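Here's a quick briefing on pockets and aromatic contacts. Have a look at the fold before reading on.

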Amino acid sequence: MRVVFLGNDPWSVPTLEALANADDVDVELVVTNPARPAGRGSRLTSTAVADAARALGLELLEVEGVRSGDGRAAIEASRPDALVVVAYGELLTPDVLSVPPLGTVNLHFSLLPRWRGAAPVQRAILEGDELTGVSVMLLDEGLDTGPVLVAREEPILPDDDTGSLGARLAEIGAPLVVDALRGLDADTASPAPQSPGGATTAPKLLPEERSIDWRQPADAIVRRVRAFAPSPGATTTFRETALKLVRVEIRELGLAPGARPGAGPGAGPGVGPRVGAVWLDRDGTPTVVTSDGGIALLEVGPAGRGRMSGADWARGARIRPEERFA
């Protein structure tokens, strides 16, 4: 079976590797985006899929898209039996979808029809879902509306962030894609139309959604941090400077009745906790007051610096009594 693979993200790689290692699948071509500047030095960086394709010795095309031009021409020239798309990020047009006789197979990181769109893992965490999964489907002209070949459930663990959950779903989905292709090739697959009810959309997270509002409940703040972790990270502001939050947890405020949060001996009785106020817990971890509890900053990313523990950041910042996060 001849396959052309399209992907960009690290989450695409397990499926590419599974296809390359399958005895009955020939990956004729791998299509991914061109290298782009990244990191502090803006060094030209290839996609994770390009790196994997080179390591596997596969034919590689780095191109902006496949709707037209070199990308479209290369797919047609490869004469694939099927296209496989995983975290590619381009909505394919009907004329591209019609190229392979077996169709275009997509690994989607949710239990469709819930969370159709670009950010299913992030939205599931942000909304507090306890269960998600993967769906292997045949792409059609709609946004993740095609019939489902196979799906697999996976719980969202309390300490999952987008990085850990996405990586786990990618590993779960990879062998399912290979099995689905075999079913299509043997004409034993049974694509099932998606249920008309329960459909939700998962648009990309917007930059303005990264900002933490300490007036929200503590569990909502934790979910926001997990949804944006490890990258680009939710942010808060301290001393008019952005601070990225990588890992947090809910903690009891631990204040004496009527005590005012503070980092030092200035804390004392008289005024109740104020939203955004911060103090150092017994282990030195900075803990911030929300509308209904405390949030401990376990790991942070100060501007222009690498990730570090919240306790290390707080020691360097020398937090003063009465200081607050905005």
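A word on element names before we start: helices (H or I, at least four residues) and strands (E, at least two) are DSSP runs, numbered from the N terminus. Keep in mind that this is a predicted model.

**The largest pocket**

- This pocket holds about 1,200 Å³ of space.
- It is lined by 34 residues, and the ones closest to its centre are Ala87, Gly89, Ala118, Ala119 and Lys204.
- Four elements each put at least two residues into the lining: β7 (104–108), α5 (120–126), α6 (162–185) and α7 (218–228).
- Strand β7 gives the largest share, with three residues.
- Sorted by class, the lining has 19 nonpolar residues, ten polar ones and five charged ones.

**The second largest pocket**

- Here the space comes to about 350 Å³.
- The lining is made up of Asn8, Asn33, Pro34, Arg36, Pro37, Ala38, Thr45, Ser46, Thr47, Asp51 and Ser231.
- Strand β3 (residues 36–38) contributes the largest share of that lining, three residues.
- By class, the lining splits into three nonpolar, six polar and two charged residues.

**Aromatic pairs**

- There are five aromatic pairs in the structure.
- Trp214 is in the loop between α6 and α7, while Phe325 is in the segment after α8 (310–317), so the pair ties together parts that lie 111 residues apart in sequence.
- Trp214 and Phe325 are both buried.
- Phe325 also pairs with Phe238: their ring centres are 4.9 Å apart and their planes at 40°, so this pair is tilted too.

**Burial and the cluster**

- Phe238 has a relative accessible area of 6%, so it counts as buried, the cut-off being under 20%.
- Phe325 has a relative accessible area of 5%, so it is buried as well.
- Which residues make up the aromatic cluster? Trp214, Phe238, Trp313 and Phe325 form one cluster together.

Technical notes
Residues are numbered from 1 along each chain as its sequence is written. This is a predicted model: local features need pLDDT of at least 70, side-chain atom pairs count only at pLDDT 80 or more; totals for chains, interfaces and linings use all residues. Side-chain values use heavy atoms; hydrogens and water are left out. On a 1 Å grid over the protein atoms alone, a cavity is a set of points where a 1.4 Å probe fits but cannot get out, and a pocket is an open set with protein on both sides within 12 Å along at least five of seven lines; lining residues have an atom within 4 Å of a point. Grid points are joined across faces, edges and corners, and a volume is the space filled by probe spheres set on the points. Ala, Val, Leu, Ile, Met, Phe, Trp, Tyr, Cys and Pro count as nonpolar, Asp, Glu, Lys and Arg as charged, and the others, Gly among them, as polar. Rings of Phe, Tyr and Trp (its six-membered ring) pair if their centres lie within 6.5 Å; planes under 30 degrees apart count as stacked, over 60 as edge-to-face and the rest as tilted. Buried means under 20% relative accessible area, exposed over 50%, partly exposed in between (1.4 Å probe, protein chains only).
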